[in-house]
Structure formats: C-alpha cells, structure tokens
Amino acid sequence: MTVTKEAPPAPVTAELKVRKPSTRKRLVPYWLLLPGILWLLVFFALPLVYQASTSVQTGSLEKGFEVTWHFQTYWDALTDYYPQFIRSLLYAGTATLLCLLLGYPLAYLIAFKAGRWRNVVLVLVIAPFFTSFLIRTLAWKTILADGGAVVDVLNTLHVLDVTSWLGWTESNRVLATPMAVVCGLTYNFLPFMILPLYTSLERIDGRLHEAAGDLYATPATTFRKVTFPLSMPGVVSGTLLTFIPASGDYVNAELLGSTDTKMVGSVIQTQFLRVLDYPTAAALSFILMAVVLIMVTVYIRRSGTEDLV
Amino acid sequence: MPVLRWIRRNLIVIAGLLTLAYMILPNVVVMVFSFNKPNGRFNYAWQRFSLDAWKDPCGVADMCGSLSLSLQIAVWATVGATVLGTMISFALVRYRFRARGAINSLIFLPMAMPEVVMAASLLTLFLNMGAQLGFWTVLIAHIMFCLSFVVTAVKARVMSMDPRLEEAARDLYAGPVQTFLRVTLPIAAPGIAAGALLAFALSFDDFIITNFNAGSTVTFPMFVWGSAQRGTPVQINVIGTAMFIIAVMVVVVGQLIANRRKNSAR
Amino acid sequence: MTQQQTGGDVRLTGISKTYGSFAAVKPLDLTVPQGSFFALLGASGCGKTTTLRMIAGLEEATTGTVSLGGQDITGLPPYKRPVNTVFQSYALFPHLDISENVAFGLRRRGIRSVKKQVDEMLELVQLGDFAKRKPHQLSGGQQQRVAVARALINHPQVLLLDEPLGALDLKLRRQMQLELKRIQTEVGITFIHVTHDQEEAMTMADTVAVMNGGRVEQLGAPADLYENPRTTFVANFLGTSNLIEGEVVSADTDIVVAAGGGKLRLPTDRCTAPTVNGGKLLLGVRPEKISLAHADDADVIADGRNRVTGRIVDSSFIGVSTQYVVESPAGKALQVYEQNIERDARLTPGAEVVLHWNPAHTFGLDAAQDIDAGVETVEDAA
C-alpha cells in the first residue's frame with residue numbers, strides 16, 4: 001500500500017481581484033426591451049392617460065376642451081347608457097359560455113379522437129380566419145334571413161315560439177334580435193376558445209385516462225376528476241380571449257342586431273366618431289375597461305392561474 | 001337500442017363535428033354567394049348562378065385599392081411587431097433585470113383590454129398631438145396591438161429552447177453574431193413564424209382599431225363595413241373565397257413539403 | 001503522441017465564482033497535467049460544473065485566473081479558447097444533421113473542405129452510417145458519441161466533459177466509460193471529466209479531485225483516494241467506510257485507540273490528524289477489509305489483528321458477496337462485505353460475531369468533522 005503525503009488543498013496564492021461583469025453585458029436586456037416597451041408606453045399606456053384626462057374635461061369642439069375635473073360625466077354616462085353596458089356583459093357572457101360548450105367537444109375531438117385527421121380538422125378550424133371576419137359575419141345575414149331555411153326549421157319545430165316568449169327572438173324572425181347577435185359573437189370568437197383548449201388538452205398524457213380507469217373511475221368521472229381539471233389553463237385563457245374582445249365588440253351588434261341590441265362598443269364609437277362628445281366617449285370607455293379588468297382579475301384569482309403571459 | 005348506444009358512445013365526436021360545421025358554414029355561404037347574381041345592391045338572397053364577379057374581381061370602385069392597402073399595412077405591421085416582439089421575448093426569457101413584473105403587465109394588458117378602449121384612447125392621443133390620421137397612424141396602432149401576441153408566441157418557443165445549445169455554439173468557435181444566426185434564430189424560427197403569422201392575420205383582419213384611427217383612409221375591412229351599409233358587391237365574396245382557398249393551399253403545400261422532408265431524412 | 005507537444009497544463013489559480021452572496025466555487029488552485037484524464041467528482045451543487053464552465057469560458061470567474069500551457073486565457077470568450085466541451089444531455093443542434101453538427105466548429109473557423117475530417121471523426125466514434133440523420137433519430141448512446149466527435153474534431157488542447165454519461169442507462173454507461181477511455185488514449189488530449197458517480201470517476205480517470213461545498217477536498221489517484229481518504233467526506237463519498245470514534249491511548253510507531261470497550265491499532269503514517277494522548281480520533285476501515293467470525297470461533301483469530309465484537313442485525317446476499325450490518329459498542333451499523341467463498345451458515349441476523357482486520361488497513365481521521373459527511377441518503381439519490 002502506498003501512502004502519499006500530499007499537502008492538503010493548496011493554499012490560494014493568487015491575488016484575489018474581484019471581476020465585475022461588464023456594464024455592456026448587463027445592459028443587453030434593456031437594449032432588447034427598449035424599442036418594444038417604448039412603443040407600448042407611448043402608444044398604449046400614454047393614450048390611456050390622455051383618455052383619463054379627456055374623461056374629466058368639459059367644453060365643445062368649437063371652443064375646445066379643458067380639464068375641469070368634471071366627474072359628473074361618468075355618472076351621466078352610466079345613467080344614460082347602463083342598458084347597453086348590461087347588454088354588453090350579458091351578450092359577451094352568454095357567447096363565452098356557448099363558446100365553451102361548443103368548443104370543448106371539438107377541442108377534445110382534435111386532441112384525442114381525430115387521429116390522423118388531426119391536422120385536417122385543425123386547418124378547418126383556423127382557415128376561416130383568413131376570410132375577413134366582416135365578410136363571414138355578413139354571411140350570417142343570409143343564413144338567418146327571414147323566410148330562410150334556418151328560420152323555417154326553427155319555426156316548424158316551434159323553437160321560435162319559446163325563444164320569442166323568452167325575448168331572445170321575435171316570433172317569426174331571428175335577424176335583428178339578441179339571439180342573432182349572440183350567435184354572431186359565438187361564431188366569431190369560437191377559434192379563440194378552441195385553440196387554447198386544444199393546446200392544454202393535447203398536453204394531457206393519455207395514460208392518465210387509463211390510470212383513472214384502472215382506479216375505478218367511469219369515463220364520466222375520469223372527465224370530471226382528471227381531464228377537465230387538467231384542461232383548466234385552456235379554459236381560463238379561452239374564456240378570457242373570448243369574453244374580453246366580445247364585451248367591447250360592436251360589429252356583430254351593428255350588422256346582425258337592431259337598435260334594441262346595441263352594445264356599449266357602438267355607443268363609444270358613435271360618441272367618438274359621429275357625435276364628437278369626447279368626454280362621454282372617454283368616460284364610457286374607461287368604465288368598460290375598469291369593469292373588464294376587475295372581472296378578469298377576480299376570475300384569474302379565483303381560477304388560480306396567475307401566469308398567463 | 002343499438003342506434004342510441006352508438007350515438008351515446010360517439011357523443012363527443014358528433015358534438016365536435018356539429019361545432020365544426022357551425023364554423024365552416026359561413027365560409028360555404030360566402031363561397032356559394034360569390035357565384036350569385038343579385039338583383040339589388042345587396043348580396044344576401046340567392047338569385048341565379050353567374051361567374052361575373054370572378055371574371056372581374058376588381059370591378060368595384062376602390063375595393064382592390066383598399067385590399068392592397070390592407071396587405072401593405074399587414075406586412076409592415078408584421079415586420080415591426082415581430083422584430084420588436086422577438087427582442088422582448090429574448091430579454092424576458094434569457095436575462096434577469098429590474099421591473100420584470102411591470103414589463104410583464106405592460107405586455108399582458110393590451111390583450112386584456114377590449115379593442116374599442118385601445119382604439120378610443122389611441123385616437124385621443126393622436127387628436128391631442130394633432131397627428132394626421134391615415135396610413136401611419138393605422139400602422140402604429142397595428143404594431144401596438146400585435147406586439148403582445150408576438151411576444152406570447154415567441155416566448156413559448158424560446159422558453160423551451162435549451163440554453164446549452166447556444167453555449168455549445170460559442171464553445172465551437174461561433175462568435176455572438178454567428179451563434180445568433182446559425183443556432184438561435186433557426187431554432188426559434190417556428191415560434192417567430194407563428195408570431196408573425198398571427199400578427200399578419202390580426203392586422204389584416206382588424207376593424208375596430210383601424211376604424212377609429214384611419215381617418216379617411218379605407219382598409220379592406222373598412223370597405224366591407226361600408227358596403228354593408230351601402231350595398232354589398234359580389235366581389236367581396238370572391239375575395240373572401242380566394243383568401244380562404246389560398247390559406248388552405250398554403251397549409252396543404254407546407255404540410256406536403258414537411259412530410260417529404262421527413263421521409264427523405266429516413 | 002504528437003498532440004501532446006502542442007498542449008499544455010491547465011492551471012487554475014485562485015479561481016472562484018460567486019452568485020450574489022452565494023459562493024459556488026471558493027478560491028481554489030488546481031493543476032491538470034497535459035494528457036491526463038482528470039475527473040472532478042462531487043455531489044450536485046458542489047461547484048464542479050461551475051469550475052468546468054470557467055475553464056470553458058462559459059462562466060466568468062469572479063476571482064483568479066485560468067491558464068493553458070502557460071498562457072492566461074481568463075479573459076478570452078469561449079469561442080476563442082482552444083478548449084471544447086461535451087455538454088450534459090449533449091446539446092446537439094436539432095436543426096442540423098449529424099455531419100453538420102460535427103462540422104460546426106470547423107466551419108466557424110473558416111475551414112471549407114470538412115468532409116474528410118468529418119468522415120474520419122465519425123469513423124472514430126463508429127457512426128459512419130449516420131452522417132445524414134438528425135440528432136433526434138439517434139439513440140442516447142449514439143448522440144453521446146456525436147457530442148464527443150463534434151468536440152474532438154477541433155483538436156482542442158483540453159476536452160471538457162460535463163456529466164457526459166448521466167443520461168444513459170447503467171449498461172450503456174459502462175460501455176461508454178471504456179469507449180471514452182479508449183478515445184482518450186488514442187488522441188492523447190487532456191480530458192477533464194465532471195461527474196457525481198464515484199465509480200465512473202475511479203474507472204476512467206487517472207487523477208480525481210473530490211469537490212465538496214465549492215472546494216477541493218482531496219486530490220489524487222483513484223486507489224490512493226480510496227485507501228487514504230483524508231476527510232470523512234471523502235471516506236464516505238468514495239465507497240463506504242466504517243468510522244469508529246475513539247480516544248488515543250498511546251502514539252508511537254502504531255497509534256493505539258480505545259473504542260467500544262476494546263483497543264484498536266493503526267500505523268502512525270496512516271493517520272492524517274494530529275494525535276494527542278487522551279484526544280479523540282476517528283478510525284476508518286473499508287467494509288471489504290473486515291473478516292467476520294462467529295463468536296464461538298473467537299479464539300482462532302490470529303493475534304495482532306483489530307477486533308470488535310457485535311451482533312448481526314441484517315444481511316443481504318448480493319451474489320459475489322454478502323453484506324452484513326453489525327451492531328456493536330464501537331458503532332451502531334458497521335458494514336462488512338464477505339466474499340461468498342465458504343459461507344458460514346451460522347452468520348445470520350441475531351448471531352454474535354467478532355469483526356477482525358489487519359491494523360494496517362485502518363486509517364485515522366480528525367474527529368472534529370461531521371462523521372456522516374458525504375453519506376448518500378435516499379433524498380440525495382433521488
């Protein structure tokens with residue numbers, strides 16, 4: 001046996017001069033962020049400040065506007081336009097729910113049942129995007145036209161009797177009723193629901209279904225206890241991506257609805273671009289923003305998925 | 001009953017296919033009605049078959065002009081948003097820095113805001129600055145709202161990228177520029193492409209923000225909006241159908257090329 | 001070998017790395033002789049990978065210098081160092097095929113005709129037929145060899161290997177250990193190999209540096225480290241040691257220590273700790289050095305051997321040997337490995353036994369250390 005007498009770990013002899021990472025290297029992330037963040041600050045954040053200021057101004061186009069801290073505008077806007085507000089939230093909420101109910105089976109189908117047809121179905125979901133959504137929304141005018149096939153069928157089945165009693169449609173027409181608007185909203189935002197749902201469903205390990213089955217879960221229980229909870233991130237981002245744009249939309253209400261189905265987006269647009277009552281428009285838009293942000297925040301907190309970006 | 005049992009077992013498939021039909025139906029209608037010859041100014045009711053609109057797609061005043069304007073805006077907005085968004089994504093994933101939370105919120109907020117709010121506030125800014133509304137204001141607006149979506153798409157890809165690949169490149173005598181061009185960019189490309197595609201689609205199809213900030217400039221969606229009031233020419237359906245077909249073809253061809261590549265690699 | 005003359009020693013002087021207030025590597029000096037197969041061994045988080053990355057230039061040293069063949073390379077970026085790395089999980093470029101992966105370094109240095117060199121290199125690692133495949137179409141072992149080829153083709157002066165075999169299964173790992181050893185002998189380049197697997201380090205390297213808590217605990221040839229650990233960490237981390245605490249009775253040519261109600265001896269030159277009569281000392285002995293006798297046969301044991309009496313609490317049959325756990329006044333769980341040559345049927349749990357071994361096989365350690373340092377626990381292994 002050889003026993004080497006080696007000195008314990010050699011003493012450090014070098015002069016210990018501490019190196020600092022170079023300034024140039026430390027600044028790299030800031031240079032990368034600068035242009036994009038500047039863009040967002042100037043063209044997204046700053047406008048919100050301007051709008052906040054506009055909302056408390058008074059005056060007229062001819063004499064000019066001035067900041068007078070006139071908060072009355074908010075109150076007036078709310079009392080004048082609360083029906084449109086409630087309608088917006090109601091329509092957008094209904095459309096979001098319908099998107100979830102309609103979109104989930106399709107997302108599930110693509111993720112688990114489509115097999116080699118998966119890409120084909122995905123293309124069919126995305127491809128309509130490439131036809132301008134205004135053109136596609138106009139097509140609903142044809143589909144839901146008075147005396148058209150859809151209305152006829154609903155009439156024969158006495159569906160319209162029920163829906164008109166509920167106030168969703170008129171007794172013999174669908175166009176220019178709340179149902180037409182909700183139908184259009186649902187149609188327009190369905191892909192925004194399906195794609196996040198699909199992404200989160202696709203990530204689920206198929207063996208989890210087998211494991212659940214092995215542990216005495218029926219298919220229904222498996223869905224309730226395993227699949228659905230795991231798809232929650234998709235449900236959350238899908239509902240947000242649907243509800244947020246739907247709540248401010250006015251295209252569907254204008255094209256498929258009537259004056260009785262106007263949403264708050266229409267009012268803002270009219271006040272801003274036609275009536276030119278900037279303070280009211282700004283106040284309305286601020287209220288809408290606040291309502292949506294509060295709802296979204298509460299919703300995200302509730303569902304426990306903070307990291308969406 | 002066997003029929004009922006079959007329906008119950010395939011309930012999800014049936015429901016999914018019905019949803020798919022709901023999504024495709026308007027496109028079918030658009031396509032069919034591109035062969036219509038309407039009697040009045042509006043193309044909402046079927047009259048008779050005709051190829052007139054297909055023979056003369058630009059036969060409506062101003063339509064093709066607005067289309068080419070929309071394409072130009074979409075291309076530049078895509079370039080702008082993709083470059084800025086990619087830079088932000090790399091900074092967010094690869095570096096530590098101050099104010100990360102604030103920057104994340106600034107990127108998230110545009111996606112959590114109804115379009116009409118952004119549209120109205122941006123117009124307020126432009127009016128206050130006395131900016132001339134038109135091509136440039138629309139382009140600025142489009143880059144703004146596309147940016148967040150690009151960041152989300154690219155970030156996902158960059159996050160799944162192994163930072164060791166870049167280290168390996170540097171270890172193998174590639175300087176910073178070479179590393180970026182030879183390794184980082186090719187690997188991040190699918191994410192960047194997805195972001196760019198999304199930006200293009202969002203910009204090309206945008207109506208609300210554009211409508212507020214375009215002044216008298218008319219993009220294609222604005223043209224369609226206007227025609228909904230004045231009368232819808234059949235050519236609109238021709239354009240819509242052509243876009244749909246081109247999109248599907250691009251996807252199919254892309255898929256075929258990818259398949260062939262995969263096969264030849266084996 | 002010709003390459004050896006172009007290379008040189010890797011010399012780390014006072015090198016350290018701190019992240020904020022955390023010292024990943026504490027100032028250390030280390031010299032890796034040219035042409036050697038050198039292993040940095042330690043548990044995860046001991047600073048071995050950080051040390052390697054500082055040699056590669058992927059991590060900037062907080063203090064100290066790195067020099068190669070007498071030339072200071074501390075300030076050079078990785079792409080200007082004549083050093084290449086085989087990364088953990090390989091980091092093969094997924095968008096390039098195998099031959100382009102291997103050619104990457106040559107092309108970056110502006111070498112145009114790379115085909116011949118690439119083909120030769122792929123032959124060396126026995127992957128000639130796979131040149132046109134993409135990395136994901138290869139098995140783990142094949143990817144590993146591509147990573148080695150991609151680094152070696154540049155004829156680096158030093159090849160750095162960061163846990164190169166960590167992702168492979170046991171059998172393949174054994175095979176690749178021999179393969180890497182073969183390649184190293186063939187090309188004669190200095191290899192610096194980072195690993196947490198003590199067996200791997202001992203099989204492959206001619207010098208091993210055991211790292212712990214950001215510093216080098218001990219450095220030496222594998223057999224030397226195993227036989228003469230200088231700290232409890234090395235004693236426990238490299239294989240298994242039985243450490244017995246005792247009190248020094250006398251120190252002459254042999255040190256006599258009272259432990260567990262008996263007296264144990266060890267040669268003075270096998271003790272690295274200072275000895276004072278009446279002071280504490282840790283005695284160590286490897287499990288395979290101990291013989292096991294049933295208590296009934298105690299009188300047959302030759303004189304002059306160290307003895308400890310105890311009772312078997314557990315035994316497991318491994319095939320080539322049987323491992324016993326013995327409870328005794330000297331230690332709660334002494335490990336004994338007995339070759340399965342002639343098995344004594346009486347040696348079952350509950351049996352009273354005598355452990356005895358040659359005093360020359362005992363080593364002495366400073367008792368002021370954590371006796372369990374470096375013992376692998378279930379959490380560590382996970």
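**A first look around**

Guide: In chain C, the C-alpha centres of domain 1 and domain 2 lie 40 Å apart. Please keep in mind that this is a predicted model.

Visitor: Which residues belong to domain 1 and domain 2 of chain C?
Guide: Domain 1 of chain C covers 10–227, and domain 2 of chain C covers 240–369.

Visitor: Let's stay in chain C. How many residues of helix α3 are buried?
Guide: In helix α3 of chain C (residues 98–108), 8 of the 11 residues are buried, so this helix is largely enclosed by the rest of the structure. Among the buried ones are C:Ile98, C:Val102, C:Phe104 and C:Leu106.

Visitor: And what covers the buried residues of α3(C)?
Guide: The cover includes two helices of chain C, α4 (115–124) and α5 (140–152).

Visitor: What follows α3(C)?
Guide: C:Gly110 comes after α3(C), and its phi is positive, near 80 degrees.

Visitor: Is C:Tyr90 buried or exposed?
Guide: Buried, because 24 other C-beta atoms lie within 10 Å of C:Tyr90.

Visitor: Where is C:Gly47?
Guide: Look in the loop between β3 (37–41) and α2 (48–56) of chain C. C:Gly47 counts as buried because it has 23 C-beta neighbours inside 10 Å.

Visitor: Which residues is C:Gly47 in contact with, leaving aside neighbours within four places in sequence?
Guide: Those are C:Ala24, C:Val25, C:Met211 and C:Gly214. As for C:Ser16, it is 31 residues from C:Gly47 in sequence, while their C-alpha atoms are 9.5 Å apart in space.

Visitor: New topic! What does UniProt list for chain A?
Guide: An unreviewed UniProt entry lists "transmembrane region" for residues 27–50, 89–112, 119–139, 175–198 and 281–300 of chain A. In this model, residues 27–50 of chain A are 100% helix and 0% strand, with end C-alpha atoms 31 Å apart. Residues 175–198 of chain A are 88% helix and 0% strand, and there the end C-alpha atoms are 32 Å apart.

Visitor: At what angle do helices α2 and α13 of chain A pack?
Guide: Helix α2 (residues 72–113) and helix α13 (residues 278–303) of chain A pack at about 75 degrees, with their axes 9 Å apart. That angle is why α2(A) is described as roughly perpendicular to α13(A).

Visitor: Which residues make the contact?
Guide: From α2(A) they include A:Tyr74, A:Leu78 and A:Tyr81, and from α13(A) they include A:Pro279, A:Leu284 and A:Ile287. By class, this contact of α2(A) with α13(A) has 8 nonpolar, 2 polar and no charged residues.

Visitor: How many residues do chain A and chain B bring to their contact?
Guide: Chain B brings 69 residues and chain A brings 72 residues. Several helices of chain B supply at least two residues each, including α2 (11–33), α4 (63–94) and α9 (176–205). The largest share of the chain B side comes from α2(B), with 15 residues. That side has 54 nonpolar, 13 polar and 2 charged residues.

Visitor: One last stop: where does B:Asp62 lie?
Guide: In the loop between α3 (52–55) and α4 of chain B. B:Asp62 is not a glycine, although its phi is positive at about 70 degrees. Because it has 13 C-beta neighbours inside 10 Å, B:Asp62 counts as partly exposed.

Methods: Residues are numbered from 1 along each chain as its sequence is written. Chains are lettered from A and ligands numbered from 1 in the order in which they are written. This is a predicted model: local features need pLDDT of at least 70, side-chain atom pairs count only at pLDDT 80 or more; totals for chains, interfaces and linings use all residues. Domain bounds come from an automatic or database domain assignment. UniProt positions are given in the numbering used here, feature names are shortened, and annotations may be inferred rather than shown by experiment. Helices (H or I, at least four residues) and strands (E, at least two) are DSSP runs, numbered from the N terminus. Two residues are in contact if their C-beta atoms, placed from the backbone, lie within 7 Å. Ala, Val, Leu, Ile, Met, Phe, Trp, Tyr, Cys and Pro count as nonpolar, Asp, Glu, Lys and Arg as charged, and the others, Gly among them, as polar. A residue is buried if 20 or more other C-beta atoms lie within 10 Å of its own, exposed if 12 or fewer, and partly exposed in between; C-beta atoms are placed from the backbone. Axes are lines fitted to C-alpha atoms, for helices over the stretch in contact, and angles run from 0 to 180 degrees between N-to-C directions. Angles under 35 degrees count as roughly parallel, over 145 as roughly antiparallel, 65 to 115 as roughly perpendicular and the rest as oblique.
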